[in-house]
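Hi,

Here is the structure I said I'd pass on.

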Amino acid sequence: MNVLMTGVGGQGIILASDILSEVMMRAGMDVKKSEIHGMAQRGGSVMSHVRFSKKVFSPIVPYGECDILISFEELESARYLPYLNRDSKVIINKFRLSPPSVTAGKDAYPDVLPLIKEITKNVAVVEGSAAAREIGNPRGVNIVLMGVLSRYLDVPENVWIDTLNDMVAEKIRKINIDGFMKGRSL
């Protein structure tokens, strides 16, 4: 299984991919992970590859072989079109961070859905950021999206919860578990 996570700096993509990797290792899979986060602290693009199976030889998802793309920001999903195929599942968080040309009024924010749907019809747009704000943890969109992702992977819920309990600080465990469960319900 090949999962790509993408978004912008500050959205918790690296932690989310660490959690997914740990969950899949606890589920008995061989896991490889790689990440790119240039200029991430300034809202730059962040991407993480997570691959798992009985045996994985490379951490990099080949073009055209992404099974699930999770985009934490709408426009970022367009960067990874070459990784998709007609069976790819795309989960897009309904959140827009305008690039400078849009902020300056020179361009409109692009509609990426038609581009993605030319490749795959398996697209779900979720209100992950809104759900995170609703439970009082706007920075917890990454955990909400892990809840969404968990619906597509054959791993018992308790493995996810145990992993979250082990990987997040005690003072924020409850709100992260709430976010994960909220994501499972979206």
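This is a predicted model: local features need pLDDT of at least 70, side-chain atom pairs count only at pLDDT 80 or more; totals for chains, interfaces and linings use all residues.

**α1 and its two partners**

I'd start with helix α1, which covers residues 13-26. It packs against helix α6 (residues 157-167) at an angle of about 130 degrees, and the two axes are 9 Å apart. Angles over 145 degrees would count as roughly antiparallel and 65 to 115 as roughly perpendicular, so α1 and α6 come out as oblique to each other. The crossing is right-handed. On the α1 side, the residues that touch are Asp18, Ile19, Leu20, Glu22, Val23 and Arg26. Their counterparts in α6 are Val159, Trp160, Asp162, Thr163, Leu164, Asp166 and Met167. Sorted by class, that contact has 7 nonpolar, 1 polar and 5 charged residues.

The other partner of α1 to look at is α5. Here the axes come within 9 Å and cross at roughly 35 degrees, again in a right-handed crossing. Leu15, Ala16, Ile19 and Leu20 of α1 meet Asn142, Ile143, Met146 and Leu149 of α5. What is the make-up of this contact by class? There are 7 nonpolar residues and 1 polar one, with no charged residues. If you have the model open, click on Ile19 and Leu20: they are in the contact with α6 and also in the one with α5.

**α6 against α7**

Next, follow α6 across to α7. These two pack at an angle of about 150 degrees, with axes 10 Å apart, which makes them roughly antiparallel. This crossing is right-handed too. From α6, the contact uses Glu157, Trp160, Ile161, Leu164 and Asn165; from α7, it uses Arg173, Asn176, Ile177, Phe180, Met181 and Arg184.

**The largest pocket**

Finally, the pocket. The largest one has a volume of about 210 Å³. Its lining is made of 13 residues, and those nearest the centre are Leu15, Arg139, Gly140, Asn142 and Asn176. Which elements give two or more residues to that lining? They are α5 (141-150) and α7 (173-185). By class, the lining has 5 nonpolar, 7 polar and 1 charged residues.

Cheers

Technical notes:
Residues are numbered from 1 along each chain as its sequence is written. Side-chain values use heavy atoms; hydrogens and water are left out. On a 1 Å grid over the protein atoms alone, a cavity is a set of points where a 1.4 Å probe fits but cannot get out, and a pocket is an open set with protein on both sides within 12 Å along at least five of seven lines; lining residues have an atom within 4 Å of a point. Grid points are joined across faces, edges and corners, and a volume is the space filled by probe spheres set on the points. Helices (H or I, at least four residues) and strands (E, at least two) are DSSP runs, numbered from the N terminus. Ala, Val, Leu, Ile, Met, Phe, Trp, Tyr, Cys and Pro count as nonpolar, Asp, Glu, Lys and Arg as charged, and the others, Gly among them, as polar. Axes are lines fitted to C-alpha atoms, for helices over the stretch in contact, and angles run from 0 to 180 degrees between N-to-C directions. Angles under 35 degrees count as roughly parallel, over 145 as roughly antiparallel, 65 to 115 as roughly perpendicular and the rest as oblique. A crossing is left-handed if the near helix is turned anticlockwise from the far one by less than a right angle, and right-handed if clockwise. Contact means heavy atoms within 4.5 Å.
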